[in-house]
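Subject: Structure handover

Dear colleague,

Here is the structure we discussed, with the sequence. My notes on it follow below.

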Amino acid sequence: MNTLRLYRKSMAMLIRSHMQYPASFLMQTLAQLVMEGGEMLAVILLVNRFDHLNQWMPGDLYFFFGVMSVSFYITECFGRGVTGAFPYMVRSGQLDTVMLRPRGVLTQVLCADADPRRIACIAVGTVSLVIGSRMSGIVWTAPKVLMLLESICCAFWLILGLFMIEAILCVYSVKSVELANALTYGGRSACQYPIDTYPRPLRVLFTVVAPFALVMHVPASHILGKPLFGWPEWTGFVTPLAGLALFGVMYTLFRMAMRHYRSTGS
């Protein structure tokens, strides 16, 4: 069984297991809907208070928020093994069992957990994308659709790579290192707004260190017809690849960290 097929079967089983208790699943999904709805409410209050934010009109802000929400919660839904389960595996000693199996550690970790409740957050992000698209008057063409899909796909790998920072540090420290959350959850909160609205240190942080701006904001700005930094249109297809590059670096560091893994003996 190849890795992709194994992952699909694991996700299907995990989602079916969540559905065994439909009332619980529904209530938790509604809670997620309220939570993400609150995040979107902050954007609504902002656009009601101000006519524009730098060059960005209200519809543009909805669009940026939608791109971030859809990308981030797709990662949390299907990459839950890395984003939530791995630190517990290290602490409890379950990672010892994983390492004995004839599959890669990262593959097994990704197959270990899923969070379909995030579908509610993805739905909120999709609604925000549609509202932003209509308010900004985006004329959709094939290149723009391709640019958006590439941006969301590469953002998945970017965010998964950032969550792997916590997993790598966890191998050495055993405990979960909350410092990594500054780049993941902090990046999500900050980068749901255009990067050029922030001071220079934050622009550098989220362009060079955690390149949310390259992966999401540059292509989104081209789709909106307001290119960031005056960059040409082709950059909207190239800069999202920074997400794949960051994931490649983190995957290499993860493999190096696993060579230094010492069981907790639990």
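Helices here are DSSP runs of at least four residues, numbered from the N terminus. Please keep in mind that this is a predicted model.

Confidence

The chain has a mean pLDDT of 88, and 97% of its residues reach 70 or more. Confidence is lowest in helix H4, residues 80-92, where the mean is 80. Helix H11 has the highest, at 94. Where pLDDT is low, the predicted coordinates should not be read in detail.

Helix H11 and Val218

Helix H11 covers residues 212-223, and Val218 is part of it. Is Val218 buried or exposed? Its relative accessible area is 1%, so Val218 counts as buried, the cut-off being under 20%. Setting aside residues up to four places away in sequence, Val218 touches Ala213, Leu228, Trp231, Thr235, Gly236 and Thr239. As for Leu253, 35 residues separate it from Val218 in sequence, and the C-alpha to C-alpha distance between the two is 27 Å.

Two residues with positive phi

Phe229 lies in the loop between H11 and helix H12 (235-238). Phe229 is not a glycine, yet its phi is positive, near 60°. With a relative accessible area of 43%, Phe229 is partly exposed.

Asn54 is the other case to look at. Asn54 sits in the loop between helix H2 (22-49) and helix H3 (58-78). Its phi is about 55°, again positive in a residue that is not a glycine. Asn54 is partly exposed, at 48% relative accessibility.

Thr29 in helix H2

Thr29 is located in helix H2. Thr29 is buried, with a relative accessible area of 15%. Which residues does Thr29 contact, leaving aside its neighbours within four places in sequence? They are Arg117 and Ala120.

Cysteines

How many disulfides does the model contain? The count is zero. A disulfide is a covalent bond between the sulfur atoms of two cysteines. For the count, a pair of cysteine sulfur atoms has to be within 2.5 Å. The closest cysteine sulfur to that of Cys77 belongs to Cys121 and is 9.7 Å away, which is too far for a bond. Cys111 is in no disulfide either, since its nearest cysteine sulfur, that of Cys77, is 14 Å away. Both of these cysteines are buried: the relative accessible area is 4% for Cys77 and 13% for Cys111.

Rolling a probe the size of a water molecule over the atoms shows where empty space is left. A search of the whole structure found one cavity of 30 Å³ or more. The largest cavity holds about 40 Å³ of space. Which residues line the largest cavity? The lining is made up of Leu46, Val47, Phe50, Asp51, His52, Leu53 and Leu61. By type, the lining residues of the largest cavity comprise five nonpolar, one polar and one charged.

If you open the model, these are places to start: Val218 in helix H11, Asn54 in the loop between H2 and H3, and the lining of the largest cavity, which includes Phe50 and His52.

Regards

Notes: Residues numbered from 1 in each chain as written. Predicted model: local features only at pLDDT ≥ 70, side-chain atom pairs only at ≥ 80, totals over all residues. Heavy atoms only, no water. Buried < 20%, exposed > 50% of the residue type's maximum accessible area, 1.4 Å probe, protein only. Contact = heavy atoms within 4.5 Å. 1 Å grid on protein atoms, 1.4 Å probe; cavity = no way out; pocket = protein on both sides within 12 Å on 5 of 7 lines; lining within 4 Å. Points joined across faces, edges and corners; volume = space filled by probe spheres on them. Nonpolar A, V, L, I, M, F, W, Y, C, P; charged D, E, K, R; others polar. pLDDT = per-residue confidence, 0-100.
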